[in-house]
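Visitor: I am new to this one. Could you show it to me and walk me through it?

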Amino acid sequence: MAEKRKKIYNALVDGATEGLSDKALYEFVVERCPKTSSKKIVRAALFALTDPDVTDRHVLDTIYALAIKHRMSEIGNGDTGDDHDEEVEVAPSRKPAKRRPEQSISPSVVSESEGR
């Protein structure tokens with residue numbers, strides 16, 4: 001995991017563990033990671049949700065609610081996250097298979113009765 005995302009992740013888990021939620025949790029994360037974006041917070045939140053070390057149900061619910069709220073606001077406002085520092089992974093393209101030319105002339109079949 002990238003160092004910045006890990007710092008955001010730790011801030012999310014620490015804030016949620018302290019009982020912060022919604023706007024207070026978001027402000028706590030932004031205070032600890034001033035150059036973060038909503039998109040980066042959502043990515044770190046999704047990592048926290050899949051981390052087997054985070055087992056407190058209340059912490060997971062709080063992080064989930066924050067991730068959903070900010071992901072929905074990104075969709076509504078367009079994607080404005082600043083991710084110039086992250087590597088972009090490009091999915092491999094699949095070239096269409098080459099088609100074999102159709103045989104326009106099929107071999108003629110001559111029956112025994114016609115050939116005689």
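Guide: Gladly! Helices (H or I, at least four residues) and strands (E, at least two) are DSSP runs, numbered from the N terminus. This is a predicted model, in which local features need pLDDT of at least 70, side-chain atom pairs count only at pLDDT 80 or more, and totals for chains, interfaces and linings use all residues. Residues are numbered from 1 along each chain as its sequence is written, and side-chain values use heavy atoms, with hydrogens and water left out.

Visitor: In what order do the elements of the protein chain run from the N terminus on?

Guide: The secondary structure comes to five helices and zero strands. Read from the N terminus on, the order is α-α-α-α-α.

Visitor: How are helix 1 and helix 3 oriented to each other?

Guide: Axes here are lines fitted to C-alpha atoms, for helices over the stretch in contact, with angles from 0 to 180 degrees between N-to-C directions. The axes of helix 1 and helix 3 lie 9 Å apart, and the packing angle is about 70°. Angles under 35 degrees count as roughly parallel, over 145 as roughly antiparallel, 65 to 115 as roughly perpendicular and the rest as oblique. Helix 1 and helix 3 are therefore roughly perpendicular.

Visitor: Which kind of aromatic pair do Y9 and F47 form?

Guide: Rings of Phe, Tyr and Trp (its six-membered ring) pair if their centres lie within 6.5 Å; planes under 30 degrees apart count as stacked, over 60 as edge-to-face and the rest as tilted. The structure holds one aromatic pair. The ring centres of Y9 and F47 are 5.1 Å apart and their planes stand at 70°, so the pair is edge-to-face.

Visitor: How many residues apart in sequence are the parts that this pair ties together?

Guide: Y9 belongs to helix 1 (residues 3-17), while F47 belongs to helix 3 (residues 38-50). The pair therefore ties together parts whose separation in sequence is 38 residues.

Visitor: Is F47 buried or exposed, or partly exposed?

Guide: Buried means under 20% relative accessible area, exposed over 50%, partly exposed in between (1.4 Å probe, protein chains only). Y9, with 9%, is buried. F47 has 31% relative accessibility, so F47 counts as partly exposed.

Visitor: Which side chain does S38 join in a polar contact?

Guide: S38 lies in helix 3 and counts as buried at 17% relative accessibility. A polar contact is a pair of N or O atoms within 3.5 Å; within protein, one must be able to donate a hydrogen and the other to accept it, and residues adjacent in sequence count only if both atoms are side-chain atoms. At 3.2 Å, the side chain of S38 has such a contact with that of H70.
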